[in-house]
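Visitor: I have a protein model open and would like to learn how to read it. Could you walk me through some of its features?

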Amino acid sequence: MFQIKLSIGGMRCGQCEAPVKRQLETIDGALSIKASHVKNEVTILSPRSMNREEFEQALASSGYRIEGYQVEEKISRGFFYKKKEAKYLASKNKSVY
């Protein structure tokens, strides 16, 4: 499982979080997305590594911009994420292990 953190420019209030999240949910493999206007940050969990261009393309028409990008591989996975990952991989006809 990969954790991707994006620093987002332009998120000023709680209402800004929803459109950013909605735009990023269109990316294949984005299993969990948490947006925070307070931190100007979005955290995404995915079974695959994603590149910055995928996020920039998803946000292109929204008016928000990516100011920072960080990917970290997470070894520990909780039950909830294992279940979401298994469902995602099954849709791609792949095995979890």
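Guide: Let's start with a term for solvent exposure: a residue is buried under 20% relative accessible area, exposed over 50%, and partly exposed in between. Glu56, with a relative accessible area of 35%, is therefore partly exposed. Please keep in mind that this is a predicted model.

Visitor: Thanks. Before we get to details, how many helices and strands does the protein have?

Guide: The protein has three helices and four strands. Read from the N terminus on, the elements come in the order β-α-β-β-α-β-α.

Visitor: And what share of the 97 residues is buried?

Guide: Buried residues make up 35% of the 97 in the protein. Another overall view comes from contacts between residues with a separation of 6 or more: 63% of these are between residues 24 or more positions apart.

Visitor: Let's return to Glu56. Which residue does the side chain of Glu56 meet in a salt bridge?

Guide: First the general idea: side chains of opposite charge can pair when their charged atoms come close. In this model, Glu56 forms a salt bridge with Arg52, at 2.8 Å from N to O. The two residues are four apart in helix α2 (residues 52-59), so about one helical turn separates them. Arg52 is partly exposed as well, because its relative accessibility is 27%.

Visitor: How many salt bridges are there by this rule?

Guide: The count comes to three salt bridges. One of them joins the side chains of Arg48 and Glu54, with 2.7 Å from N to O. Arg48 has a relative accessible area of 23%, so it is partly exposed, and Glu54 is partly exposed at 21%. Another salt bridge pairs Arg65 with Glu67 at 3.3 Å, again N to O.

Visitor: Are Arg65 and Glu67 buried, partly exposed or exposed, and which values decide that?

Guide: Arg65 counts as partly exposed at 45% relative accessibility. Glu67 has a relative accessible area of 52%, which means that Glu67 is exposed.

Visitor: Now to packing between helices. At roughly what angle do the axes of α1 and α2 cross?

Guide: Look at how close the two axes come and at the angle between them. The axes of α1 and α2 come within 8 Å and cross at roughly 120 degrees. That angle makes α1 oblique to α2. The crossing of the two helices is right-handed.

Visitor: Which residues make the contact?

Guide: On the α1 side they are Val20, Gln23 and Leu24, and on the α2 side Phe55, Ala58 and Leu59. Sorted by class, the contact of α1 with α2 has five nonpolar residues, one polar residue and no charged ones.

Visitor: Could we look at one more residue of α1? Where is Ala18 found, and how far is its C-alpha atom from that of Ala35?

Guide: Ala18 is part of helix α1, which spans residues 14-24. With 40% relative accessibility, Ala18 counts as partly exposed. Ala18 and Ala35 are 17 residues apart along the chain, and their C-alpha atoms are separated by 7.9 Å.

Visitor: What about the strands? Which residues does Tyr69 touch?

Guide: Tyr69 lies in strand β4 (residues 65-73). Leaving aside residues up to four places away in sequence, Tyr69 touches Ile4, Lys5, Leu6, Met50, Asn51, Arg52 and Phe55. Tyr69 is partly exposed, because its relative accessibility is 28%.

Visitor: Is Ser32 buried or exposed?

Guide: At 11% relative accessibility, Ser32 counts as buried. Ser32 is found in strand β2 (residues 32-36), and it touches Thr43, Ile44, Leu45 and Tyr81, apart from residues up to four places away in sequence.

Notes. Residues are numbered from 1 along each chain as its sequence is written. This is a predicted model: local features need pLDDT of at least 70, side-chain atom pairs count only at pLDDT 80 or more; totals for chains, interfaces and linings use all residues. Side-chain values use heavy atoms; hydrogens and water are left out. Buried means under 20% relative accessible area, exposed over 50%, partly exposed in between (1.4 Å probe, protein chains only). A salt bridge is a side-chain nitrogen of Lys or Arg within 4 Å of a carboxyl oxygen of Asp or Glu. Axes are lines fitted to C-alpha atoms, for helices over the stretch in contact, and angles run from 0 to 180 degrees between N-to-C directions. Angles under 35 degrees count as roughly parallel, over 145 as roughly antiparallel, 65 to 115 as roughly perpendicular and the rest as oblique. A crossing is left-handed if the near helix is turned anticlockwise from the far one by less than a right angle, and right-handed if clockwise. Contact means heavy atoms within 4.5 Å. Ala, Val, Leu, Ile, Met, Phe, Trp, Tyr, Cys and Pro count as nonpolar, Asp, Glu, Lys and Arg as charged, and the others, Gly among them, as polar.
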